[in-house]
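I opened this notebook to record what I looked up in the structure. The entries follow the order in which I consulted it.

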Amino acid sequence: MLKKIVLVAFSFFFCIPGFASQLPDYPFIHTTGMAYARFAPDVGELTFDVKASGADAEAALAVAVERLTEVKSLLAQQGVPDTEISIRDLRKEVKKEAENATSSGQINELSYSVYIKIRDLTKWQSILSPLLKLNNIDKVEATFDSTTRDKTELDLSIEAAKDAQRKAVGIVSAYGKHLGPVMAMSESKLKSLTAAIGLVSESSSSHTEIDRRQAVGIDLFVIPPLKLQASIDVIFKIK
């Protein structure tokens, strides 16, 4: 009786609409290949906010404009053109100095964000040191990238695919089998198949795009290395 129940359950499992099509009709092996790279970036970006405030709106605006002029002058001395500087998120807020303040007690606050692309990292500290000494500068952050990223990522993907193949060959040879052709390949998990047969664990993690593609400077004066990783999921037929 128990055997009959198991057979019925097994038959039902594979008769669920759409499920049978998710499983291959041949013996197969699924492997994940990995490849890593660590190298120095060649381009950086500085972002920071400029804030100026005062009871006089025109005076606050004058300070904000003056600070931008100083930033551009500093960058020009280091050979960074204006085309590598962008101003975003210009904002104005009117605040009261105290709860019982009258209209004459208002504070005008002007702020904007500055984005600077630095393509010569040998000048990084020469730019950063005087920049940090300027008044009204807040929330300074640094990120780094590489102009050769696309080629490096492609090379890593190829190495990851080779790693997946090496693993598959080693596993099937342990059982006296031979590796057949590739039947499916993906840079991410083959969820439609692997999740259906329990090959994707709940602990599988993913990283945000900025985490994957950029190095974030913790110490502003230190340029951290870029760390790239490629993961390739491959399903091979077993001969």
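This is a predicted model: local features need pLDDT of at least 70, side-chain atom pairs count only at pLDDT 80 or more; totals for chains, interfaces and linings use all residues.

Setting aside neighbours within four places in sequence, I found Leu75 in contact with Val80, Ile85, Ile116 and Ile127.

I next noted a second, separate core of 16 residues, which includes Ile29, Ala168, Leu179 and Leu228.

I then turned to the largest nonpolar core, which has 25 residues. Leu75 is listed there among the residues with the most contacts inside this core, together with Leu46, Phe48, Ile116 and Trp124. The largest share, five residues, comes from α2. I kept a general remark beside this entry: in soluble globular proteins, nonpolar side chains tend to be buried together.

**Helices α2 and α3**

I looked up how α2 and α3 pack. Their angle is about 155 degrees, and their axes lie 10 Å apart. Angles over 145 degrees count as roughly antiparallel, and α2 and α3 are therefore roughly antiparallel to each other. I recorded their crossing as right-handed. At this contact, Val71, Leu74 and Leu75 of α2 meet Ile127, Pro130 and Leu131 of α3.

**The sheet β1-β8-β6**

I traced an open sheet of three strands in the order β1-β8-β6, with antiparallel pairing. Which strands stand at the edges? I found β1 (28-39) and β6 (179-186) there, each with a single partner strand, so one side of each is left without a neighbour in the sheet. Direction ignored, neighbouring strands of this sheet are turned by 30 degrees against each other on average.

Strand β8 (residues 226-238) pairs with β1 in the antiparallel sense over 12 bridges. For Arg38, I found the bridge partner in β8 to be Lys227.

I also looked for a helix lying across these strands. Helix α4 (residues 149-173) lies across β1, β6 and β8 and runs at about 140 degrees to β1.

**The whole chain**

I counted six helices and eight strands, and from the N terminus on, the elements run α-β-β-α-β-β-α-β-α-β-α-α-β-β. Of the 239 residues in the chain, 34% are buried. Among contacts with a separation of 6 or more, I noted that 83% are between residues 24 or more positions apart.

Note on methods: Residues are numbered from 1 along each chain as its sequence is written. Side-chain values use heavy atoms; hydrogens and water are left out. A nonpolar core is a set of buried Ala, Val, Leu, Ile, Met, Phe, Trp, Tyr and Cys residues joined through side-chain atoms within 4.5 Å. Buried means under 20% relative accessible area, exposed over 50%, partly exposed in between (1.4 Å probe, protein chains only). Helices (H or I, at least four residues) and strands (E, at least two) are DSSP runs, numbered from the N terminus. Contact means heavy atoms within 4.5 Å. Two strands pair if DSSP finds at least two bridges between them. Axes are lines fitted to C-alpha atoms, for helices over the stretch in contact, and angles run from 0 to 180 degrees between N-to-C directions. Angles under 35 degrees count as roughly parallel, over 145 as roughly antiparallel, 65 to 115 as roughly perpendicular and the rest as oblique. A crossing is left-handed if the near helix is turned anticlockwise from the far one by less than a right angle, and right-handed if clockwise.
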